[in-house]
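Please keep the sequence and the structure in view while reading.

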Amino acid sequence: MKRNIILGCVALAFLASCNKDKEIIKSIQDYNAEMETKGYHFGDEIKLPQVVLDNAESVSISFGETETPNTKIDPAHYVLGNNDITFNIKTKSGKMLYQDASITVLANKPEQNIAYDLVAEYPHNPQYFTQGFELDGNTVYESVGQLGESKMMKYTLGQTTPSVSIPQGNDIFSEGSTLVGDKVYQLTWQNKLGYIYHKSDLSLVSQFDYPSEIAEGWGLTYDGKDLIVSDGTSNLYFVNPNDTTKVVKRIGVAGSELVYGQLNELEYHQGFIYANVWQQPVVIKINPKTGEVVAKYDFTKIAQQNTKGSDDVLNGVTFKGENMLVTGKNWNKIYEVKLK
Ligand SMILES: [Ca+2]
């Protein structure tokens, strides 16, 4: 929601200054709209319109509780991706004007396009609406979604029949899953509920609640310390697996030209987070400290063989040694690629 408040514009005597206030607000709105498309980079200055500079005694920027007069895009205040801020303008006539804005910060370095060779294919049951996908040794742990069909299961890579399959209630829509030690964690889409299973036989250990700021459960992975959760936005949330009620860190994910939204299935591998973008045949490699997208893998050719509509899209990334495995919802294959 955008907000602007211009107080005291009722008396006729103030009409001229009120018109000026409206001009100031309009100039900031226009500038914001232009910059929301273009984006900023760290080190850039917010270049306030001339009408603001001419008529403001002071301008500050607030981020929730904190406030700064600094108009530089400084990592002390901004993260990559979308930042909600408010411009606070004190006019020379002593009035306060406020305008909310979303500041889009992009990475300084372009993401690398990484090529790969297809080295192997394995069968995948096309009935599986893949939501979570992880290989451990030669065992695939897969979470399957859709109401009435949701389940958590494990099977040997190369086979399609699960050795264990735990179905869920008809009101549950399963999402991402990940291994945490000898447990498996699984998210649900809108049930606001997660499950923890024993890895060995997928017997249920317990359920958990989400932190309230995670609106929906999408993808899930584990970096050895925290769970990493996607919720269909450009944000990734770090959550302690032993206390799932709080977000310990949030990053916004952006490349040099765009903020990557709709992040879905995830995989943490050797210091980086890999994510596929919903309804795009793309996997991105993300620096977990900053959210910067450092590399991109284009799976257009593989997706073209499997994607007929809007549901059967690429959704499943894991690693087999140094090679990446990818699959999708209702795909009949798992692909192993060697990254160049
Ligand atoms: Ca995965």
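**The largest nonpolar core**

In this predicted model, the largest nonpolar core holds 69 residues, and those that touch the most other members are Val-229, Val-253, Ala-254, Ala-275 and Val-326. Strand E6 gives the largest share of this core, with five residues, and both domain 1 (4–105) and domain 2 (112–339) contribute at least three residues each.

- Val-253, one of the core residues that touch the most other members, is in contact, once its neighbours within four places in sequence are left aside, with Leu-80, Gly-81, Ser-234, Leu-236, Tyr-260, Leu-263, Ile-286, Gly-291 and Val-293.

**Domains and their contact**

- The protein chain is divided into domain 1, covering 4–105, and domain 2, covering 112–339, and the centres of domain 1 and domain 2, taken over C-alpha atoms, are separated by 40 Å.
- Six residues from domain 1 and nine residues from domain 2 take part in the contact.
- On the side of domain 1 that touches domain 2, strand E5 (81–91) and strand E6 (96–106) each supply at least two residues, and by class this side has three nonpolar, three polar and no charged residues.

**Strands E3, E5 and E6**

- Strand E3 (residues 56–63) pairs with E5 in the antiparallel sense over six bridges, and Ser-62 has Thr-86 in E5 as its bridge partner.
- E5 also pairs with E6, again in the antiparallel sense, over ten bridges, with Asn-88 standing opposite Tyr-98 in E6.
- E5 and E6 form a hairpin in which four residues lie between the two strands, and Gly-94 in the turn has a positive phi of about 90°.

**The sheet E17-E18-E19-E20**

- Four strands form an open sheet in the order E17-E18-E19-E20, with antiparallel pairing; strand E17 (220–222) and strand E20 (243–252) are the edge strands, each pairing on one side only.
- From one strand to the next, the twist in this sheet averages 30°.
- Strand E19 (residues 235–240) pairs with E20 in the antiparallel sense over six bridges, and Leu-236, which is also among the contacts of Val-253, stands opposite Ile-251 in E20.

**The sheet E8-E27-E26-E25**

- Another open sheet of four strands has the order E8-E27-E26-E25, and its pairing is antiparallel.
- E8 and strand E25 (314–320) stand at the edges of this sheet with a single partner strand each, so one side of each is left without a neighbour in the sheet.
- The twist here averages 25° from one strand to the next.
- E25 pairs with strand E26 (residues 323–328) in the antiparallel sense over five bridges, and Leu-314 stands opposite Gly-328 in E26.

**Phe-129 in its loop**

- Phe-129 lies in the loop between strand E8 (116–123) and strand E9 (130–136).
- Is Phe-129 buried or exposed? Phe-129 counts as buried because 20 other C-beta atoms lie within 10 Å, where the cut-off for a buried residue is 20 or more.
- Apart from neighbours within four places in sequence, Phe-129 is in contact with Val-144, Gly-145, Gln-146, Glu-149, Lys-329 and Asn-330.
- Among these contacts, Asn-330 is 201 residues away from Phe-129 in sequence, while the two are 5.1 Å apart in space, C-alpha to C-alpha.

How values were computed:
Residues numbered from 1 in each chain as written. Predicted model: local features only at pLDDT ≥ 70, side-chain atom pairs only at ≥ 80, totals over all residues. Buried ≥ 20, exposed ≤ 12 C-beta atoms within 10 Å, placed from the backbone. Contact = placed C-beta atoms within 7 Å. Pairing = 2+ DSSP bridges. Axes fitted to C-alpha atoms, helices over the stretch in contact; angles between N-to-C directions. Domains from an automatic or database assignment. Nonpolar A, V, L, I, M, F, W, Y, C, P; charged D, E, K, R; others polar. Core = buried A, V, L, I, M, F, W, Y, C linked by C-beta atoms within 7 Å.
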